[in-house]
Amino acid sequence: MDQVLFEAARLIDEKGHCKNSFTSMGGQYCIEGAIRTVILGSLYAPLHDYDRVLEKMEKVYRVIRDIRADHDPEVWTWNDHPDRTKEEVVKVLMEAAEYE
């Protein structure tokens with residue numbers, strides 16, 4: 001299991017989901033915001049490990065595209081869709097955590 005994506009799912013499940021921003025004033029996270037926080041320790045840490053963030057985002061995108069057959073052009077647009085729910089985001093992150 002991919003521990004980073006599992007922890008990102010847990011973070012969104014516990015803190016909540018937001019759209020159009022890495023994080024909200026209320027402490028909720030989008031997919032990338034949660035992944036950044038898990039890998040870098042903070043949203044605003046130096047991006048020395050940003051390649052790892054992009055690698056995890058690509059894995060999430062493969063799950064959205066291959067398993068869910070959803071063809072949004074980017075993870076960000078999928079996350080930010082007006083009808084997207086926290087439950088869907090957590091489920092995709094968990095699926096990606098188990099995806100080989």
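The model is predicted, so local features need pLDDT of at least 70 and side-chain atom pairs count only at pLDDT 80 or more, while totals for chains, interfaces and linings use all residues. Residues are numbered from 1 along each chain as its sequence is written, and side-chain values use heavy atoms, leaving out hydrogens and water.

**Confidence**
- The mean pLDDT of the chain (the predictor's confidence in each residue, from 0 to 100) is 88, and 96% of the residues score at least 70.
- Confidence is highest in helix α1 (residues 3-15), at 96, and lowest in helix α3 (residues 50-67), at a mean of 82; helices are DSSP runs of H or I, at least four residues, numbered from the N terminus.

**K59**
- K59 lies in helix α3.
- K59 counts as buried because its relative accessibility is 14%, and buried means under 20% relative accessible area with a 1.4 Å probe, protein chains only.
- Leaving aside neighbours within four places in sequence, K59 is in contact (heavy atoms within 4.5 Å) with D2, L5, A96, A97 and Y99.

**Cysteines**
- The structure holds zero disulfides, a disulfide being a pair of cysteine sulfur atoms within 2.5 Å.
- C18 is in no disulfide, and the nearest cysteine sulfur, that of C30, is 5.4 Å away.
- C18 counts as buried at 7% relative accessibility.
- C30 also counts as buried, at 5%.

Conventions. Helix = DSSP H or I, 4+ residues; strand = E, 2+ residues; numbered from the N terminus. Buried < 20%, exposed > 50% of the residue type's maximum accessible area, 1.4 Å probe, protein only.
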